[in-house]
Structures are given as C-alpha cells and as structure tokens.
Amino acid sequence: MLTQDQVKRLLKLRLKVVVVSLLGFLVPSACAPPPPTCYVPPAPTDTPAPLVTCYTAPAPTSTPDTFTSPISPLPTPTPSPEARRLLREKLLTEGRFPGKVARELES
Amino acid sequence: MARHNWLQTTLLRWQRELVAEGVRLSGGRPAHAGPYYILELTTLCNQDCRYCYNVWKLLPEVVTGEMDTRQWCDLIVKLQEEAGCRLVTFSGGEPLLRDDFCDILAFCHRRGLDSILITNGGLLNDETLDFCLGHGVNMFELTLLGADAQTHDALTRTRGCEASGSSWERALAAMTRLYKAEAAWCGVFVATSENIGQTRQTLEMMVALGATAVMFNRFNPGGEGARHLYLMPTVEQVREALAVVDEMAAAYDLFATASIPIMPCLLDTSPYRHIGFGFCAAGRDNAYYTIGPDGRVRPCNHTATILGDMRTQSWAEILSGPALDKFTSAVPEVCRPCPGLDACRAGCRAAAEVCFGSLEEPEPWLKANLDRLPADTT
C-alpha cells in the first residue's frame, strides 16, 4: 500500500514525464544541445577519453516547491547564466585571462 | 544566452530528475546510445604532452600507417552499415592537423552522422569553427591544464611563440571562440600531481567561458604518460579536488564527470553527488571502440590491444574474435575477491597493459596505493 507521500511523488513524476516529453517533442531545440540524458562521451579525451559511462544522475532529490505547478506560475530561471556572468566579470577584473582573450570577452 | 533560457533550463533539470528516478524519456531529441566510435584520424600532434595516453607514443608498432580520405570515408560507411554508428568522435593526435579534416567531417555530415571533436584548440580558428558548427559537430572537447600559462605549458611541453601565443593562450582563445559562438563544449582537466592544486581556478575559467560540461580526469598513465608516473596525483589530492568539482557542478549547474576510473576501494565517491563517475566500458553497450589511423580497431583509446582491421574484416568478425573477451575478462589477482568488481572493473585495464605489459596487473594508480586496500583483499 502506498503512503500518501509516495502517491504524491509518483503523481509529480508522472506529470513531469508528460510535460517533459510533450515540450521536448514540441520544442526539440529546448532539449537538444547541452546535456543529453545519457552523457555522450566526450569521448576520449585527449584527455583520456571517455572512460565515460552513461551519466549517473545525482541521487534523487525532493521535488522543489517551485515545480508544484508546471503550468503556472512558471518556474523561476536557475541562477546559472547570471552566476557565470558574475564569475566571468570577476576573473576579468582579477586579470586572470591573457590579454587577447580578455579583450575578446570585453568586446 | 539564448540556450540558457528558462524553458531549456527547466526541461533539462526535470530530465535529470526523471533520469535519477529511473524514468526513460521517449519525447524530445533522443540521446545517442552507445556504443561510441572514436576515429583517431592521425598520430600527428602539435603538442608534446607529458600525460598523453596515445599508445603509439610508447608502442609505435600499434599503428602501421595512416589512411587517406577515401579509406576513411569507406570505413565510415562500413561503421554505419555494419555497426549502426550514428555518432563519431574525431580524435588523434590532433585531428585538425589533417588537411582533409573538413572533407571527412563534411562526408560524415552528408551521411547524417553527428560528431564530437576532441582538439587542443590550437588550430580551431573562426573559419574551422564555423565549418564544424555547420557540419554536425555538436560537442567540442578541449583541455585546460591550469590557471596560468606556466602550469599548462609545462605539461604540454609546448610554449608557442609570441605571434601564436602559448599553448595555454591558444586553448583559451579557442574556448573563447566557442563561448562567443554559443557552441556546446566540454572542458577537460587532466589532474596530475603538478596541477591538481589549481582545479578550482581552472574550472572557473572553463565555466566563465561557457563550458557546458567539465570532465575531471585523474592522470591515467599510458603512452607518453607511462614515462611520467610521477604525475599521478595522490588519493588525498584527488579527494580534495573532487570536492571542488562537486561544489562547482552544483553552483553552476554543470554536468561534471570523472571519466577515468576512481576505484571505490581507494576513495569513497558517494559524497560527490553532482559528479558522474565512469568506469571501463570496454565490451559493454556504452563501449567506445577506437579506430586507429590505420583502420585497426581497439576496445578503447588507451589500449594497445588490436581487435581487428576494419579495412579487411566485418564489424561482426572483429567483435567476435578472442581479443575482446581476453581484454574484458582480465582481472588482477588482488581485485578478484572484491564485491564491487563488476561495477569497478578493476580500474583501467589498458593502463595496466601499457605500463606493465599485462592486463592482469593492477593498474598504475591502484598499484601505487595497494597499501590502502581493505585488509581482507590483501
């Protein structure tokens, strides 16, 4: 017998499957570029190549509250692009990039 | 950037959560399933890295020549038809050193293949990048070995000149081009005893330049690297560096992987929840078969084991020979009683083979740390 919590969690998962599948189908570009679910081996690396096996996703975490309704309100964007921009500015300020690269980034 | 809009970010996060729950998605663009195919287009390289795993640097007999454009194209057709290949990874040496690289890439594109390009970035100018982006390269893989030229160039043994810049500057310039072009790229950090202390600073540079993913690869001796075993980091160094990678992966929503095996008997990787740990895939569904410059096939790009010759044998014939079984079933004595053997596969068999001449030897990082194994296995 499933507990109420388990039932809730299953329902949330099912909803996400539907939404992700549907949006993924309708907006292929949204799912395409970066990380495929199965991490494509950056293969060999020059790095040593990819002894990469299938990407092991992090252990399941509880569903963030912001996703209780996938339709509305819209989830807030993750801070990643902004955090990256701030990091880029910090490194530029600290002079961590060589001159040519810094000029290119600032242009 | 456009590709980081809320919709995409949200979908990717949900995908990850669902994968974590063991749910297989049927919608969206399908991820490429293995096996994978690495095409080592050339043995030539414009760098002389001390950590290089290219096996021919230690065992030149592993490569008997270099195929021309026509032979590569024939081989690619054969790979598609006989092995069902849909994605190729271009490697070398430095693949951009081939005059016909664009011809081979365009051929793959015409055949409907996606590709990944592994390059040190030194030759990735705007024109080549545009060509790659227009011809199916959907992931670039570039290495950055340190946060300053001195550290990076000491490992590549390639300082460059004033006009072209050092190998560090050239790698960063290529990463900047990728960032400006909004291309997907993976930053590789080869962690050695000399640069592992710069893990954070180096990854910061990759992240700032838009890396989609980062690969933290502990130095795995082989090829030229077998002559520089002192570059192996200690277990403590790797532990500290993994904590940094994990923290950064969480902070910047990065896909982080440790592709070179980190054996659980040496280091418990469970605290690093944002890093995907890879183990030897040889012979499995996610294997990355490697085709050398002469058309001969190996189980992976680190090994000297030859499975067969694509120019004269069928793919089925190559896989059914005894060499693959021998490679995948080799287990060092010390690992046999280990309950985690099936997952860990005793680390990198190829490194043991190349460095110590036997697949049954413990691999170099394990051998250097045998005194750390649990008492019941020693």
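A residue is called buried if 20 or more other C-beta atoms lie within 10 Å of its own, exposed if 12 or fewer do, and partly exposed in between, with the C-beta atoms placed from the backbone. By this rule Glu182(B) is partly exposed, with 13 other C-beta atoms within 10 Å. The structure is a predicted model, in which local features need pLDDT of at least 70 and side-chain atom pairs count only at pLDDT 80 or more, while totals for chains, interfaces and linings use all residues. Residues are numbered from 1 along each chain as its sequence is written, and chains are lettered from A and ligands numbered from 1 in the order in which they are written.

The scores come next. The model has an ipTM of 0.85 and a pTM of 0.79. Confidence in each residue is given by the predictor as pLDDT, on a scale from 0 to 100. For chain B the mean pLDDT is 91, and 90% of the residues in chain B reach 70 or more. Two stretches of chain B call for caution in reading: pLDDT stays under 50 over residues 1–9 and also over residues 14–30. Contacts are counted here between residues whose C-beta atoms, placed from the backbone, lie within 7 Å. Beyond four places in sequence, the model has 18 contacts for residues 1–9 of chain B and 43 for residues 14–30 of chain B.

Helices (H or I, at least four residues) and strands (E, at least two) are DSSP runs, numbered from the N terminus. Chain A contains four helices and zero strands, giving the pattern α-α-α-α along its sequence. Of the 107 residues in chain A, 31% are buried.

Chain B holds an open sheet of eleven strands with mixed pairing, in the order E8-E7-E6-E5-E4-E3-E2-E1-E9-E10-E11. Strand E8 (275–277) and strand E11 (308–309) of chain B stand at the edges with a single partner strand each, so one side of each has no neighbour in the sheet. Two strands count as paired if DSSP finds at least two bridges between them. Strands of a sheet pair through backbone hydrogen bonds, either parallel or antiparallel.

What does the cover of strand E5 (residues 185–191) of chain B look like? Seven of the seven residues of E5(B) are buried, making the strand mostly covered. In a regular strand the side chains alternate between the two faces of the sheet. In E5(B), Trp185(B), Gly187(B), Phe189(B) and Ala191(B) point one way, while Cys186(B), Val188(B) and Val190(B) point the other way, and all are buried. Strand E4 (residues 137–143) of chain B is parallel to E5(B), and four bridges pair them; here Phe140(B) stands opposite Trp185(B). Strand E6 (residues 213–218) in turn runs parallel to strand E7 (residues 255–258) of chain B, with three bridges between them. Within this pair, Val214(B) has Ala256(B) of E7(B) as its bridge partner.

The helices H5 and H6 of chain B form another packed pair. In H5(B) (residues 149–156), the buried residues are Thr151(B), His152(B), Asp153(B), Leu155(B) and Thr156(B), and they pack against helix H6 (167–180) of chain B. The angle between H5(B) and H6(B) is about 105 degrees, and their axes are 8 Å apart. Axes are lines fitted to C-alpha atoms, for helices over the stretch in contact, and angles run from 0 to 180 degrees between N-to-C directions. H5(B) and H6(B) are therefore roughly perpendicular (65 to 115 degrees) to each other. On the H5(B) side the contact is made by Ala149(B), His152(B), Asp153(B) and Thr156(B), and on the H6(B) side by Ser167(B), Trp168(B) and Glu169(B). Just after H5(B), Arg157(B) takes a positive phi of about 50 degrees.

Some loops of chain B also have backbone features to look for. Glu182(B), in the loop between H6 and E5 of chain B, has a positive phi of about 55 degrees although it is not a glycine. Ala346(B), likewise not a glycine, has a positive phi of about 60 degrees. Ala346(B) lies in the loop between H11 and helix H12 (349–356) of chain B and is buried, with 26 other C-beta atoms within 10 Å. A cis peptide bond, with omega about 15 degrees, joins Gly92(B) and Gly93(B).

Methods
Angles under 35 degrees count as roughly parallel, over 145 as roughly antiparallel, 65 to 115 as roughly perpendicular and the rest as oblique.
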